[in-house]
Amino acid sequence: MPKSVKICLAAVIVVFVISVIATLVILSPKDEKSAVYVEILRDNEVVCTLDPAVETDRTFRIECENGWNEITVKDGKICVSDADCPDRTCVKSGYLRHEHLPVVCLPHRLVIRFAEDDES
């Protein structure tokens, strides 16, 4: 194998390893010691703010003029467990896991996300 091919292959491997490490760092869960609040927004207005870690396991419904979303808080996690929207992408999204990946229901204009830190 020519030297230039080896150098190119090594460069690709290095870029791949750095990308994997960066992804793991970015997607790593938040520090367990800090309080993590979740906001539920509809039409970009906060409907509810809660701390899933201290919230009791429950299911509640958020209704709008064109439908509803059923929100479940269980074992310190939150998700859309049911909805009457046509594609049900919000239900398929599962539990809210990361600050950069909110749970979104476009037909009902509903967003579940980690609360933004006001201390910045």
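Biologist: Which residue in S7 is the bridge partner of Val-103?

Modeller: In general, strands of a sheet pair through backbone hydrogen bonds, either parallel or antiparallel. In this predicted model, Val-103 has Ile-112 of S7 as its bridge partner. Three bridges join S6 to strand S7 (residues 110-114), and the two run antiparallel.

Biologist: What is the order of the strands in the open sheet?

Modeller: The order is S2-S1-S7-S6, an open sheet of four strands with antiparallel pairing. Strand S2 (45-50) and strand S6 (103-105) each have a single partner strand, so one side of each is left without a neighbour in the sheet. From one strand to the next, the twist averages 20 degrees.

Biologist: Which residues of the largest nonpolar core touch the most other members?

Modeller: As a general idea, nonpolar side chains tend to be buried together in soluble globular proteins. Here the largest nonpolar core has 20 residues, and those touching the most other members are Ile-40, Ile-71, Ile-78, Val-80, Cys-90 and Ile-112. Among the elements that give two or more residues to this core are S2, S6, S7 and helix H2 (89-92).

Biologist: Is Ile-71 buried or exposed?

Modeller: Ile-71, which lies in strand S4, counts as buried because its relative accessibility is 0%, and buried means under 20%. Beyond residues up to four places away in sequence, Ile-71 touches residues including Ile-40, Phe-60, Val-80 and Ile-112. The C-alpha atoms of Ile-71 and Ile-40 are separated by 9.5 Å, with the two residues 31 apart along the chain.

Biologist: What is Val-80 in contact with, leaving aside its neighbours within four places in sequence?

Modeller: The contacts of Val-80 include Ile-71, Cys-90, Val-103 and Ile-112.

Methods:
Residues numbered from 1 in each chain as written. Predicted model: local features only at pLDDT ≥ 70, side-chain atom pairs only at ≥ 80, totals over all residues. Heavy atoms only, no water. Pairing = 2+ DSSP bridges. Axes fitted to C-alpha atoms, helices over the stretch in contact; angles between N-to-C directions. Core = buried A, V, L, I, M, F, W, Y, C linked by side-chain atoms within 4.5 Å. Buried < 20%, exposed > 50% of the residue type's maximum accessible area, 1.4 Å probe, protein only. Contact = heavy atoms within 4.5 Å.
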